[in-house]
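Trainee: I would like to learn how to read a structure like this one. Can we go through it feature by feature?

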Amino acid sequence: MYRYDEFDETLVRERAKQFRGQVERRLKGELKEENFKPLRLQNGVYLQLHAYMLRVAIPYGQLSAKKLRQLAMIADKYDKGYGHFTTRQNIQFNWIKLAEIPDALEALADVEMHAIQTSGNCIRNVTSDHLAGAAFDELEDPRPWCEIIRQWSTFHPEFSALPRKFKIAVTAATPDRAAVKVHDIGLVMKRNTQGKTGFEVMVGGGLGRTPYIGPTVREWVSKQDLLSYLEAIMRVYNRYGRRDNKYKARVKILVHELGVPEFARQVEEEFANQNAREKVLLPQEEVDRITAYFAPPKFETLSTKSATLDAAIAAEHHFARWCRNNLRAHKIPGYTCVHIALKPQGVAPGDASSAQMRAAADIAEKYAFDDIRVAHEQDLVLPHVKLDDVPAVYAALKANDMHASNAGLGSDIIACPGLDYCNLSNARSISVANEIQALFADPEFEDEVGALHINVSGCINACGHHHVGHIGILGVDKKGEEFYQILFGGRADEKAAIGEIQGPGLRHEEVAPALKRVISKYLELRTSKTEKLADAMTRLGQAPFKEALYAAA
Amino acid sequence: MSSERPKLGPDIPKVITAWVSATGRVVYLTKDRNWSEDLADAEVLTGAGATDILAWASKDQTRVADPYFMQVTPDGKVAGRETIRETIRAKGPTNHPMFGKQAGNN
């Protein structure tokens, strides 16, 4: 894991100190809210429905036990004993007092964390594959490049007042687990025809009120040129991105309005015209220095099979199911990646108590090389666990009610905080998600349905990524009543697609029964258990599922 | 991106609500120009003069942030198209009954 140098340390400490002064001035009345608001947003502080909310950056979703314990401490001392992991691999505290936020930022700085780049019209926290460095199917570990982009973008003076926020995601695996195609810039590490590793660059993806799948603007850019090329993209956006209308200010609108070829031409022109002083050419020793922080842990030489694990699977049905659903293949024989689904029945997706955070920290320290990831599915992941240790990890998770065995299944729902917490939301998300989860309370039924991504957003801003769920649910306000539009056909993976709205919105209480009919229809129509709902919709079209959705109950 | 509240005509009964600057707690403007955490204490406003009171509240920035009109019934109960939002705001999150004013611990 990357460790702060003296510059990082100074920068984060000074920022926390500066914000303390700003808060003091605000509370004395020397700063009006309208003047204070941009300052607090630059420090991840929002004013939500019931209280202030602090969003803490977790760069590319990576945590250590020490950091996670500090988040647990903040949850206990300054909040209500829990935190909410988000679709951007961050964590939010929903009940924090403004007067105490400077202390919380100091506490974050103590463990090399902060809330910078979690709000405002800047380049936001860089996200990545939660299995980075562990996945068997990745070209190489993308985290050093996430960190390089983080350092380049943090407080970049030219890009601190962009037309709108800007999100970058990086993956190095063919199965896209980082949803790179729905980011302002998506980077996929790949080899060129000469076998050299660089990046495919996509620009202009995004969700919100105008969703787009990001088109490729360059098939391959070298590692050495990456920052220069990103800088060229940012310059074109900064120059021509709209500032007159915040709903048309994202880079996706610029790419769409110019057209991909013209946007790409302008970027190439900017890139070609950068003079030697403007080029951001990283010295190889700096790349090596940062890469060294992400050196693999000291893996043992192990067999691909574990008798201990096999015996435990044979002995306990629930454990067997959990292994089937929550373990992911690791690149090193004898190891696995453990998915901790924060989605037990009836809990707000992504919520974790301080006790659970501490438990995850203890488990990571003891069994997982002190490495914990936040997945954009709002779950936690232990990327490196010995197969022999899996039963012990499961037992420790079970003791803390963190053993939901539904990773990637119907009840592993992505949902934003919705109208229960969010000041922008039109409708509740969490209660709808919980009612849908109840459809899958029978594990055998949930397994029978198989892989299914259901995403719920409480408003068009799409924090629950409803556009890219196999089934997406969007809360809308209709004359003061909560209604929910249903979308089919979305995908967030390498075959990313925007779901289509099926028709009139449903009332809150109608959503779960309607989805039950859709799932029954899928079970009736699928060719076999291996044909997933998303594939069945591709084969059959959406009509039969739409008919089921609106059929009389 | 800011949240925009519906415009309320002068004849619609309304109260002024905001957040306490230091804590973020939800409050309502009372007749004596103080802020109360209890909606029952709020002054119900009608008529053109309400706009002047909102202008006054908007200057009370040391104590509160972002005051706005919230529709109520003539006897001060949450009403109108933002009933669900304002009920949740007044009581607490529906998924977490142990938090918020509904639990006495906002």
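Trainee: How many salt bridges does a search of the whole structure find?

Mentor: A salt bridge here is a side-chain nitrogen of Lys or Arg within 4 Å of a carboxyl oxygen of Asp or Glu. By that rule the whole structure holds 57 salt bridges over all chains. This is a predicted model, in which local features need pLDDT of at least 70 and side-chain atom pairs count only at pLDDT 80 or more, while totals for chains, interfaces and linings use all residues. Side-chain values use heavy atoms, with hydrogens and water left out, residues are numbered from 1 along each chain as its sequence is written, and chains are lettered from A and ligands numbered from 1 in the order in which they are written.

Trainee: Are A:Glu33 and A:Arg40 buried or exposed?

Mentor: Buried means under 20% relative accessible area, exposed over 50%, and partly exposed in between, with a 1.4 Å probe and protein chains only. Both A:Glu33 and A:Arg40 are buried, and their side chains meet in a salt bridge at 2.6 Å, N to O.

Trainee: Which parts does the pair A:Arg69 and A:Asp362 tie together?

Mentor: Helices are DSSP runs of H or I with at least four residues, strands are runs of E with at least two, and both are numbered from the N terminus. The closest N and O atoms of A:Arg69 and A:Asp362 are 2.7 Å apart, in a salt bridge. A:Arg69 lies in helix 3 (residues 65–78) of chain A and A:Asp362 in helix 12 (residues 354–367) of chain A, so the pair ties together parts 293 residues apart in sequence. A:Arg69 is partly exposed at 25% relative accessible area, and A:Asp362 is partly exposed at 42%.

A second case is the salt bridge of A:Asp447 and A:Arg324, at 3.0 Å, N to O. Here helix 15 (residues 443–449) of chain A holds A:Asp447 and helix 11 (residues 317–326) of chain A holds A:Arg324, so parts 123 residues apart in sequence are tied together. A:Asp447 is buried, with a relative accessible area of 18%, whereas A:Arg324 counts as exposed at 52%.

Trainee: Which residues do salt bridges with shared partners join into one network?

Mentor: They are A:Glu158, A:Arg235, A:Arg239, A:Glu270 and A:Glu278.

Trainee: Which residues of helix 8 of chain A are buried?

Mentor: An α-helix has 3.6 residues a turn, so residues three or four places apart point the same way. In helix 8 of chain A the buried residues are A:Phe263, A:Ala264, A:Gln266, A:Val267, A:Glu270 and A:Phe271. Down the helix axis they fall within an arc of 160°, so they line one face of helix 8; the arc is that of the directions from the axis to the C-beta atoms. The face turned away from the buried side carries the exposed residues A:Pro261, A:Ala272 and A:Asn273.

Trainee: What do the buried residues of helix 8 of chain A pack against?

Mentor: Contact means heavy atoms within 4.5 Å. The buried residues pack against strand 9 (197–203), strand 10 (216–222), helix 6 (226–240) and helix 7 (251–258) of chain A.

Trainee: How many residues of domain 1 of chain A are in contact with domain 2 of chain A?

Mentor: Seven residues of domain 1 are in contact with nine residues of domain 2. The rule finds one salt bridge across this interface.
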